[in-house]
Amino acid sequence: MTEHFQLLIGGQSTDAASGKTFDAIDPSTGEPFATVAEAGVDDVERAVQAARTAFDVGPWPRMKGRERAKYLFAVADLVKQNAGRLAELEARDAGHTIRLAKGGDIGMVISTFRTFAELAAREDDEEPLPRNPGSANWLRYEPIGVCGAITPWNFAIQMAAWKMAPAIAAGNTVVIKPAVQAAITTVELARLCLEAGIPEGVVNAIPGAGSVAGEALVGSPLVDKVAFTGSTEVGRRIMQLSSGNIKKATLELGGKSAAIVLDDAPLDYAVDGALWGVFFHAGQVCSAGTRLFVQRSIADEFVAELVKRAEELKVGPALEPSSDVGPVISDTQLDTVERYVSLGKDEGADVLVGGERTVVEGHDGGYYYRPTIFGNVDNDMRIAQEEIFGPVLAVMQVEDDDEAVALANRSIYGLAGGVWSGDTGRAVKVAERLRTGTVWINDWHMINPKYPFGGYKQSGIGHEHGVHGFNEYREIKHIHVDLGGPSRKRHPWWELTLPRSERPAPGPDTEGPNPGS
Ligand code: NAD
């Protein structure tokens with residue numbers, strides 16, 4: 001029998017009020033393998049109300065950070081115990097190759113919960129401010145309230161963890177809406193939070209369409225903060241919708257990241273690294289190195305090797321351990337990739353390898369595309385400027401470091417970038433000039449929940465991970481205590497209405513409202 005997954009609202013697994021469901025499609029076969037309850041506006045309202053109540057009167061925001069930490073560690077342990085099932089579900093739903101789902105996705109979920117548990121346990125929610133005569137001042141970090149999280153399909157379970165863990169570690173409550181293309185593991189992760197003892201209503205999961213459930217969640221006046229990961233286009237809409245009650249919004253958006261290969265790069269290593277940078281998860285990665293700038297003096301040799309190894313990559317079903325590259329997420333995504341490849345040809349670029357769909361024996365209905373490399377690309381072509389979100393690489397030649405930096409920075413995006421070089425000093429100089437939130441040197445896709453990750457330019461606003469990411473889920477309150485008592489000299493407020501020249505000079509122990517404010 002087909003497995004059915006329900007919404008999680010206020011601690012209860014429930015179907016949608018409308019009874020609507022959608023099919024979870026396995027992109028490796030093109031066949032449905034489960035059904036999922038589809039949240040509508042009523043369900044969003046129920047979930048937001050549950051999160052609101054859990055925040056306003058529940059114990060969670062009032063607990064000490066070290067107490068909340070225990071629950072987050074317990075979630076990490078439960079994820080570890082359920083690793084096999086979660087990895088398999090992620091592989092079936094999002095098309096992640098099982099090798100990466102097991103080793104990468106689930107490991108990352110565990111370390112994300114552990115990292116934010118450690119940050120919560122540090123109990124650094126109060127911080128002294130510089131001394132000031134006559135008063136004591138400190139900062140207090142507090143949760144923001146109800147967080148509406150909206151996530152993409154490409155790393156469904158990781159994205160869910162990246163949103164849930166910092167939000168609840170900081171004492172907020174969450175309503176998360178995953179993408180319909182891969183929603184199941186988000187619901188499963190939310191259920192594990194409940195199983196770990198996190199109170200009802202603190203984590204709610206409501207798969208549903210962006211245009212219905214997504215809009216209702218971001219537009220709700222009961223939601224205080226929105227954490228969005230997805231395309232830049234939808235990010236713009238999220239900013240508009242958040243403006244109603246001036247929600248705090250963090251946006252993790254698209255990218256067109258540049259890999260720069262300098263003439264002193266170790267060839268073998270850099271070729272493998274560039275392939276991993278772009279073809280990991282069939283190129284459906286925000287930080288994929290989809291533009292490659294190689295120094296002209298080594299370009300022929302480098303590109304020949306790159307093409308040879310790209311041809312050797314095994315395209316196959318996600319659950320097959322020997323597959324190097326899995327399917328793309330859907331028929332629609334396959335069409336998009338195909339459209340861009342034909343556009344690239346029209347623009348005058350040359351397909352060096354791939355450039356077509358492929359059929360995997362026994363999985364005829366799956367959405368497979370061959371790893372594709374374009375040569376003879378100009379950085380102003382659409383295939384070099386727009387996010388394709390498929391296994392397509394645009395290779396360009398550059399004269400020197402200066403030209404590489406200038407072209408790499410010519411993009412509306414600024415998510416990530418990388419430099420391949422045998423000279424670390426030279427690579428660091430290039431890295432410092434790239435206008436992106438992350439730069440990898442002789443590596444790629446190294447995202448660690450301990451270090452901040454975020455985009456420059458149209459790749460986003462704010463950060464995930466680390467203390468910076470944690471603070472995106474905390475309000476900052478300044479508390480001021482007068483230490484002088486009634487004997488203390490203070491300007492009467494009416495003196496402040498005098499012209500500046502007639503006001504008495506403030507003494508060393510006087511403070512007052514800022515007349516300019
Ligand atoms: P998408 O923007 O189409 O959808 C993302 C989410 O937004 C989905 O849950 C969707 O249902 C929802 N949504 C769509 N329209 C909405 C609306 N009007 N109101 C509210 N919600 C709405 O993106 P996608 O295709 O799911 O994912 C791929 C994109 O995500 C790529 O652009 C990729 O670069 C980006 N991404 C960025 C990061 C990052 O950290 N910067 C990480 C992963 C993916």
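**Figure 1. Contact between helices H4 and H5 in the predicted model**. On the H4 side, the contact is formed by Gly104, Asp105, Ile106, Met108, Val109, Thr112, Phe113, Phe116 and Ala120. Their partners in H5 are Ile157, Gln158, Ala161, Trp162, Met164, Ala165, Pro166, Ile168 and Ala169. Sorted by class, the residues of this contact comprise 14 nonpolar, three polar and one charged.

**Figure 2. Relative orientation of helices H4 and H5**. Two packed helices are described by the angle between their axes and the distance between the axes. Helix H4 spans residues 98-121 and helix H5 spans residues 156-169. The angle at which they pack is about 10 degrees, and their axes are 9 Å apart. Because angles under 35 degrees count as roughly parallel, H4 and H5 are roughly parallel to each other.

**Figure 3. Packing of helices H3 and H6**. Helix H3 covers residues 83-94, and helix H6 covers residues 184-195. Their axes lie 9 Å apart and form an angle of about 155 degrees. H3 is therefore roughly antiparallel to H6, since the class takes in angles over 145 degrees. Arg85, Leu86, Leu89, Glu90 and Asp93 in H3 meet Ile184, Thr185, Glu188 and Leu192 in H6. By class, four residues of this contact are nonpolar, one is polar and four are charged.

**Figure 4. The shell of residues around the ligand**. The ligand is surrounded by 26 residues, of which Thr151, Glu215, Ser231, Leu253 and Glu387 are the closest. The shell consists of 13 nonpolar, eight polar and five charged residues. At least two of its residues come from each of three elements: helix H7 (210-219), strand E11 (225-229) and helix H8 (232-242).

Definitions and conventions:
Residues are numbered from 1 along each chain as its sequence is written. This is a predicted model: local features need pLDDT of at least 70, side-chain atom pairs count only at pLDDT 80 or more; totals for chains, interfaces and linings use all residues. Side-chain values use heavy atoms; hydrogens and water are left out. Axes are lines fitted to C-alpha atoms, for helices over the stretch in contact, and angles run from 0 to 180 degrees between N-to-C directions. Helices (H or I, at least four residues) and strands (E, at least two) are DSSP runs, numbered from the N terminus. Angles under 35 degrees count as roughly parallel, over 145 as roughly antiparallel, 65 to 115 as roughly perpendicular and the rest as oblique. Contact means heavy atoms within 4.5 Å. Ala, Val, Leu, Ile, Met, Phe, Trp, Tyr, Cys and Pro count as nonpolar, Asp, Glu, Lys and Arg as charged, and the others, Gly among them, as polar. A residue is near a molecule or strand if one of its heavy atoms lies within 4 Å of it.
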